[in-house]
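Please consult the sequence and the structure shown here.

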Amino acid sequence: MNQKKVEIYAFQGNRRLASSDQPLIATGHVGLSVDGNKIYGFGPIITKDMDLADMYNKVRNREAVPGQLTDDTELFEKVARGFYNKPKRKKLELYNLTVLVETQIYLNILEEIKNMGIGSLYRLPKEDVPFPPNIYNCATFWGKCGVNLPHENGFLEDYISAMIEKCVTKVNK
């Protein structure tokens, strides 16, 4: 068996640290790296001509919207450096979990990165409601490729707790 290493990165959000230009600080985010350099995360497609208030309402109301992968390396690096942390606020902590995947799963991941996840839909998780086919959030997206996810409900609190149980590394830069 020829296995490859991939790395899952995740942080739980804190609304009290968020800014309008970086909503993922409020919600938290999950990304995956195949090379230890670039970290790709799945989220809704947002274009400059969109009504952002309408898009955020759709996401908050847990409607499925077109999704895509983006290179979120800079965001994860800033979280690791404590860029968004503020005094007297709960700090964001970045976790890293190395996962071994079979060659075919690795190839599936590379194909998704090449296609930037286009064709998949994004939705926030709903309590006790599984994701329908082809609908994901950042925490569940890589499962479509066959990655054994730490937790499958899409809620970052559960996801990160499961990562911690698997002996993750806290990332600090």
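The text below treats the ring pairs, then the helix.

The model is predicted: local features need pLDDT of at least 70, side-chain atom pairs count only at pLDDT 80 or more, and totals for chains, interfaces and linings use all residues. Residues are numbered from 1 along each chain as its sequence is written, and side-chain values use heavy atoms, with hydrogens and water left out.

The structure holds eight aromatic pairs (rings of Phe, Tyr and Trp, the last by its six-membered ring, with centres within 6.5 Å; planes under 30 degrees apart are stacked, over 60 edge-to-face, the rest tilted). Two of them involve Phe 42:

| Pair | Centre to centre | Angle between planes | Class |
|---|---|---|---|
| Phe 42 and Tyr 122 | 6.0 Å | 45 degrees | tilted |
| Phe 42 and Tyr 136 | 6.4 Å | 85 degrees | edge-to-face |

Phe 42 belongs to strand E3 (residues 40-44) and Tyr 122 to strand E6 (residues 121-122), 80 residues apart; strands are DSSP runs of E with at least two residues, helices runs of H or I with at least four, numbered from the N terminus. Tyr 136 lies in strand E7 (residues 135-136), so its pair with Phe 42 ties together parts that are 94 residues apart in sequence.

In helix H3 (residues 73-81), the buried residues include Leu 75, Phe 76 and Lys 78. Just after H3, Gly 82 has a positive phi of about 80 degrees.

Notes:
Buried < 20%, exposed > 50% of the residue type's maximum accessible area, 1.4 Å probe, protein only.
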